[in-house]
Amino acid sequence: MKLKNWSLLLAFGLLLVVLVACSDGDSSDTSDSSESTDETENESSEAEEKVLNFTNLEAIPTMDPSLATDESSFIYLAATMEGLYRLDKDTQTSEGIAIDHSVSDDGLIWTFNLREDAVWENGDPVTAHDFIYAWQRAVNPETGSEYGPYMMNGVIKNATAVSSGEAPVEDLGVTADGDYTLVVELENPTPYFETLTTFGTFFPLNQAFVEEQGDSFATSADTLLANGPYTMSSWESTSNSWELVKNEDYWDTETVNMDKLTFEVVKDPQTAVDLYQSGEVDRVDLNSDLVDQYSTADDYVVSADTFVYFLKFNQTTTDALANENIRAAISKAFDKQAMVDTILNNGSIVANGLIPADFTPMPESGEDFREVSGDLVSYDVDEAKALWEKGLEEIGTDSVELEMLVDDDETTKIMVEYISNQLTTNLPGLEVSLKQVPKEQRLDLDTNMDYELQVSRWGPDFLDPFTFMNLWTTDSGNNKMGYSSEEYDTLVQDAAATLATDNAARYENFLEAEKVLFEDAAIAPIYQASRAQLVSPKVENVFVNPFGATYEYKWADVGSAE
């Protein structure tokens with residue numbers, strides 16, 4: 001068993017990163033050149049082609065960096081595109097399109113010098129204007145991006161005014177000083193801004209190509225334009241399989257070792273393991289039963305994660321969910337410890353708050369944020385029943401029917417059946433029905449606030465508590481549940497603005513805001529994820545990031561499977 005974990009430090013990231021299984025180098029056959037024929041040369045070329053094969057739990061919801069909101073989309077965007085910087089094996093920023101940058105003394109002006117040898121897949125140069133277009137597009141209200149405003153509002157100058165339609169996109173604080181110098185003006189000093197630039201929302205876009213594709217942009221491999229390590233092949237928006245092919249036009253193509261990475265959607269863990277055992281795929285996720293079966297195998301790997309799962313309560317749909325006591329009762333009415341121990345059984349831990357454990361330390365004491373904040377929502381069936389009865393009395397009923405929206409993979413199905421059974425058993429008069437849909441559909445229903453209860457999750461996009469806390473401000477594009485608290489908004493917004501240069505004070509605001517969130521029973525935390533996997537020993541240098549895109553494939557390689 002190989003146990004992989006990390007502890008993240010905020011002070012410019014003294015980070016330990018997960019490195020998925022290393023092994024020996026590869027070998028190739030040689031033959032006498034005098035006996036060579038076209039046929040044998042072709043066979044040799046095929047034999048030497050470096051390919052890794054993986055599964056994916058769902059189809060890719062979108063390859064449009066302005067519209068992406070989910071794990072899968074950001075993984076494949078990071079593989080095919082490149083922003084100013086890229087996270088390396090140590091989760092530090094390494095050169096991307098930017099070769100370096102400078103920051104003004106007041107921390108507000110960031111000037112990025114761009115390389116002149118980076119090109120798009122069609123041969124066009126990647127310039128500062130591509131970043132300006134992409135960032136303006138992400139906050140343009142006509143685009144309908146959730147992540148543009150979420151990532152840029154309060155960070156880049158005038159982003160809030162632009163995203164709310166109060167200012168033209170040209171007012172966004174990003175300009176070009178020639179083709180290869182990008183100047184970014186911030187609203188407030190933002191120490192983590194460098195890590196933000198590695199994230200998919202901040203990737204550049206070729207304006208002429210995007211506008212030429214129109215509504216078809218990013219709906220198929222033919223309507224994508226790569227500037228990163230790989231190009232997308234054999235993909236349409238409904239595809240259950242696709243390929244990443246080495247991008248020979250990438251500025252750092254000599255560093256890219258793989259010729260091709262293939263991916264197939266497999267939702268059933270046993271089916272995935274069968275493919276792994278037959279040698280058809282090189283990495284699979286395990287559910288609880290399979291963990292028991294394979295936990296002693298040499299290729300069994302557990303990777304700690306920073307994704308936190310929670311129940312969202314849409315307060316706009318029913319009187320019950322608009323009631324704080326009803327929401328609080330549901331939050332406390334299911335045994336999370338039994339669930340992670342028996343249903344998941346993969347190293348996941350109970351979540352009794354929002355900020356994950358081992359994510360960020362307090363600036364002065366160095367104590368883990370989660371330990372300082374403590375358990376804010378624990379399983380307590382007696383208290384849950386008391387809150388439930390009080391809530392039912394307040395809304396004038398003795399029964400409640402709720403529908404829970406969830407993803408359609410097998411592991412999620414087992415987990416939510418357990419949760420719904422716990423809720424209906426422990427809260428008399430509650431009936432819960434399940435609505436299982438593909439992830440892309442769930443995200444659409446969430447965006448339209450067309451749900452009652454929803455099992456959702458969040459992984460950090462950058463190295464700061466703000467990546468979690470900003471989700472639930474009143475105007476956040478990720479809120480989508482009718483929650484609004486003036487006190488919470490003020491605490492979070494002050495942490496980003498008036499307290500921007502006082503990290504200790506910022507963290508005190510985050511601690512207080514998290515308490516307010518759960519006093520209001522805005523969401524119900526469930527668990528902090530961990531990944532139990534089988535990973536072939538031949539897989540080398542596929543890095544697992546604790547924030548941003550989960551997997552980094554640029555440096556992937558194939559070793560021997562011995």
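This is a predicted model: local features need pLDDT of at least 70, side-chain atom pairs count only at pLDDT 80 or more; totals for chains, interfaces and linings use all residues.
The structure contains 21 salt bridges. One of them joins the side chains of Arg-457 and Glu-71, with an N to O distance of 2.2 Å. This pair links distant parts of the chain. Arg-457 belongs to strand β18 (residues 453-458). Glu-71 belongs to helix α2 (residues 71-80).

A second example is the salt bridge between Asp-464 and Arg-506. Here the closest N and O atoms are 2.8 Å apart. Asp-464 sits in the loop between β18 and α16 (466-469), and Arg-506 in helix α18 (residues 503-519), so the contact ties together parts that are 42 residues apart in sequence. Asp-464 is buried, as is Arg-506. Salt bridges with shared partners also connect Glu-71, Asp-305, Arg-457 and Arg-531 into one network.

Glu-185 and Lys-157 form a further salt bridge. Their closest N and O atoms lie 3.2 Å apart. This pair, too, links distant parts of the chain, 28 residues apart. Glu-185 is in strand β9 (residues 181-185). Lys-157 is in the loop between α4 (147-152) and α5 (159-163).

Strand β19 (residues 523-535) is mostly covered. Of its 13 residues, 13 are buried. Which strands pair with β19? Strands β13, β14 and β15 are among them.

Strand β14 (residues 300-313) runs antiparallel to β19, and ten bridges join the two. Within this pairing, Tyr-300 has Leu-534 of β19 as its bridge partner. Strand β13 (residues 283-285) also pairs with β19 in the antiparallel sense, over three bridges. Asp-285 stands opposite Gln-533 in β19. Strand β15 (residues 349-350) is antiparallel to β19 as well, with two bridges between them. There, Ile-349 has Gln-528 of β19 as its bridge partner. In a regular strand, side chains alternate between the two faces of the sheet.

Terms used
Residues are numbered from 1 along each chain as its sequence is written. Side-chain values use heavy atoms; hydrogens and water are left out. A salt bridge is a side-chain nitrogen of Lys or Arg within 4 Å of a carboxyl oxygen of Asp or Glu. Helices (H or I, at least four residues) and strands (E, at least two) are DSSP runs, numbered from the N terminus. Buried means under 20% relative accessible area, exposed over 50%, partly exposed in between (1.4 Å probe, protein chains only). Two strands pair if DSSP finds at least two bridges between them.
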